[in-house]
Structures are given as structure tokens and as C-alpha cells.
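Please read them beside the model.

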Amino acid sequence: MRLSQSFVPTLKETPADAQIASHRLMLRAGLVRQTASGIYAWLPVGFRVLKKIEQIVREEQDAIGAQEMLMPTVQSAELWRQSGRYEEYGKEMLRIRDRHERELLYGPTNEEMITDLLRQGVKSYRDLPQILYHIQWKFRDEVRPRFGVMRGREFLMKDAYSFDLDRAGAVVSYRKMMLAYMRTFERMGLKAIPMVAESGPIGGDLSHEFIILARTGESQVFYDAAFEEIDYSPRAFDHRSNDDLARFFREMTTHYAATEEKHDPAAWDRVSAGRRREGRGIEVGHIFYFRTKYSKPLGFTVSGPDGRAVHPEMGSYGIGVSRLVGAVIEAGHDERGIIWPEPVAPYRLAVLNLKPGDGRCDSLCEDFYQKLTGEVLYDDRDERPGVKFADADLLGLPWQIVVGPRGAASGSVELKRRATGERLELSAEDAFRRVT
Ligand code: ATP
Ligand code: MG
């Protein structure tokens, strides 16, 4: 992308109303703009990050056999009356009336709808298990939208739903999902800690929140240092084997971890002093196993192996895709700007042309731009070098290649790694090799 022809409205001033780093940096780097309270437009660079995060989430869902689909954002109130949640959900639900005075709502979540869809097509125990997911915008009329995309009113969520014949099957689905979550967050460069959680308005009897550590997190957390050492790579856990899954789940749940509300000083005492960690965290995912909470009121049954009708056992599994963009920034930034982990960076590298119009500078830059199309943000603007350096650090791409007239004359460039600030004077070919 050529910066001179792009819409990347960076700001020099720190926006006054943004309280936390990720919110300030997302506005300053021109990733998003608020269009109404808690509602954001994703500008080109921010949108690329959102898509990359979404793609990692998708790949790890697909890897455990979850099937992608897409449900609508607008739902009929009727199913929510059947589950009893239409009244219960309260003011967080955005209620809409159409021209025929029919009651609709903008979905805050999709348990009712997915249950209804499956009850229409799944009739026998042989059709189970099923895990389905979609990545779709949600609306919750939060009392206090704040921290930018971290607590918005409209936000992008991956929500998955599992259907099993019995409890044993449902627990397997739950464990698979837990493993998928740990891998998802790890791929984004985040350390997530699963914590026993309240199941809230979704209800149920087994639930974990996934918290990533960040100083500005909304929740106070207590955890065993063991979480910093667990290996949940595909090598360590083969998700096709139930024994491996059980072992993984044990490892994830025997170590102490809790948010403030669930903190148990007696259990905390048993964690040896040297392993106790306290911090603040951001909830990036939440999973629930809630048995037949929706299949029962919605009258969803399958015929079991003995011919009797059974209500499928369900779970639901959310990841805050748009919240993750903010969370990744909270976990990686400095006073100059964002520091993207490579897998979610909007572009792999920034090429800074310090003298557009200079034949050698232009041709070196064009060369990088052509060879790495799609992964280069090319600063070809007619701006002072200082402005380009500041914007490159603010935008936080993993690599910067600085092309100035003096070096260019002898075919050399400066390569900078954003995370460490380390700089190297290299030939253009060596720089190219290093960034690819
Ligand atoms: P919270 O306690 O933060 O309100 P929740 O328990 O209401 O979260 P879930 O219903 O489990 O959230 O939704 C799944 C995920 O969606 C959450 O883990 C979070 O990452 C994300 N999420 C929830 N509410 C918001 C919001 N208002 N803005 C952005 N992301 C959100
Ligand atoms: Mg909430």
C-alpha cells in the first residue's frame, strides 16, 4: 500500500477522551474512528488487523472440526420468548420493531437461533456431535461503553455452539474448544490463562474465561506461575485423542487461577509463595457448558440409540475478535506506538523513502514494494523524515526499511526491528533476505 494514496489518518495529538493505551493508539494510528457511542468504523489498516485475527480464530476452529456458517445479526424476538431470555436479558438488548410492528432484536449472542436451526435438521443421535460457529457482529447496549473497541456496543465475536448426545460427549467438545482457544491466543503472541468463571446470563455448570495479562485490564487476577510454562502446541497435545485432551484439561485446571470475584484465599495459600502471581487482565474469550438450558425450552430432541427422545447437551464458546485488536495492543506497545506481533501485523514491513523524487531512493523502494506486494506499507509521501519515522513507529509494523539518498547511492539501506529498536546498515539484498 502506498501511503500517499491511502486513507491512514494518523494523529499527532493524543485524543483527550481515550483513557487507555490501545484506545489512544488505535485512534492515533488511524485504525478506527468512533461513529456513535461504542460503535466504530474500521479504517483500512485497522481492518487488516481485524481480518488477520479473525483468520487465526477461524483456522483454529476449523482444526478441531468446527464448521463455519453465518447467522444474521437481526433476530426475531419469538425464540427468545421461548427460552425466557427476552425479558431476562434486560436493557443490554437492542430491541427493534419493523413496519408491521413485529418485534425484532439485534443479536447479542445466538444460542436460541442455532438451537432452532439444528432442531429443524438433526433428528437422530447419529447426527451428533456437531460443532458450528460463525464470526459475526453483535450488539449489546453496554451501560458504559469504554476503552474503544475493548468494550464497544457493536463488536465482532466468534461464537461457536456444540451439540452432543450426553454429558461425556459434551465434555469432550468443551475440552477440544479449550485447546483450540489456547492455541488461538498463542498464535497471536498472547499468553492466555483459563479461569473458572461464573456463567452469567448464558447459564450453565462449567465455564472458563480466558484472560490475557495487561496492566490496564478490567479484572484483577491471581494465578500460578505454572501457566507461563505449559506447552499446548500441537506437538504436546494431539486433539484427536481423548486421553490427550483429558490430560490437557487436567493440566489447565489443576493450577490455581481466578479472577477477583472467584478468588479463594484458602486455595491460594496452597500455591507455593514463589509461584504466586497477581496482575490485571483482559477477558478475550469465554466458554460455557450449560447442558440442556436451550434444547429443553425450545423442544429440541433427537432419538437416542434406544429410541427414546433426548435433549442434546450444549455448550457455547465466544471469542471477542474486535476486543482482541485492543488487547494485542495493550500487550505490545511503547511510548512511541504500537508493536504488532508478526502474525497479526497489518503489514510485515514499512518502507520509508526519505527522499521521494531521488532516482536511486525511488528505485530501491519500488523494488521492495514490488517484491513484497501485499506485505509492504510504502511511505512515499512528500513529508519530512521525522514525520515518517514517527508514523512508522506509531503504526508499529515489525520491520522498517529506511531508504535515504546517501545509503541508496551505494545500494545500502537501514533495517530496523520495531520491537527492539535494533538497527542495521545493510545492502538492499541482505535487508530483503532478513525480512522474508
Ligand atoms: P464481559 O464480562 O467483558 O462483558 P461477557 O461475559 O459479557 O464479557 P460473553 O458473552 O462471554 O462476554 O462474550 C464472549 C466474548 O465477547 C468476551 O469474552 C469478550 O471477549 C467479547 N465481548 C463481550 N462483550 C464485549 C463488548 N462489549 N465489546 C467487545 N467485546 C466484547
Ligand atoms: Mg458483558
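1. Helices (H or I, at least four residues) and strands (E, at least two) are DSSP runs, numbered from the N terminus. This is a predicted model, in which local features need pLDDT of at least 70 and side-chain atom pairs count only at pLDDT 80 or more, while totals for chains, interfaces and linings use all residues. Residues are numbered from 1 along each chain as its sequence is written, and side-chain values use heavy atoms, with hydrogens and water left out.

2. Two loops deserve a check of the backbone. Phe147 sits in the loop between β7 and β8 (154-164), and its phi is near 60°, a positive value in a residue other than glycine. In the loop between α5 (111-121) and β7 (130-139) lies Pro129; the peptide bond from Leu128 to Pro129 is cis, with omega near 0°. For reference, most residues other than glycine have a negative phi, and most peptide bonds are trans.

3. Helix α2 (residues 44-63) and helix α6 (residues 167-187) have axes that come within 9 Å and cross at roughly 150°. The two are therefore roughly antiparallel. Axes here are lines fitted to C-alpha atoms, for helices over the stretch in contact, and angles run from 0 to 180 degrees between N-to-C directions; under 35 degrees counts as roughly parallel, over 145 as roughly antiparallel, 65 to 115 as roughly perpendicular and the rest as oblique. The crossing of α2 and α6 is right-handed (the near helix is turned clockwise from the far one by less than a right angle).

4. In that pair, Ile56, Val57, Glu59, Glu60 and Gln61 of α2 meet Met177, Ala180, Tyr181, Arg183, Thr184 and Arg187 of α6, contact meaning heavy atoms within 4.5 Å. By class, the contact of α2 with α6 has five nonpolar, two polar and four charged residues. Ala, Val, Leu, Ile, Met, Phe, Trp, Tyr, Cys and Pro count as nonpolar, Asp, Glu, Lys and Arg as charged, and the others, Gly among them, as polar.

5. How do α10 and α13 run relative to each other, roughly parallel or roughly antiparallel? The axes of helix α10 (residues 359-371) and helix α13 (residues 428-435) cross at roughly 25° and come within 12 Å, so α10 is roughly parallel to α13. Their crossing is right-handed. Leu364, Phe368 and Lys371 of α10 make the contact with Ala428, Ala431 and Phe432 of α13; five of these residues are nonpolar, none polar and one charged.

6. Helix α1 (residues 21-28) packs on helix α9 (residues 321-331) at an angle of about 105°, with the axes 8 Å apart. That makes α1 roughly perpendicular to α9. Ala21, Ser22, Leu25 and Met26 of α1 meet Val325, Gly326, Ile329 and Glu330 of α9, which divide into five nonpolar, two polar and one charged.

7. The lining of the second largest pocket includes Thr10, Lys12, Arg28, Arg336 and Asp391. Helix α11 (residues 385-395) gives the most to this lining, with six residues. The lining residues divide into four nonpolar, two polar and five charged.

Note on methods: Chains are lettered from A and ligands numbered from 1 in the order in which they are written. On a 1 Å grid over the protein atoms alone, a cavity is a set of points where a 1.4 Å probe fits but cannot get out, and a pocket is an open set with protein on both sides within 12 Å along at least five of seven lines; lining residues have an atom within 4 Å of a point.
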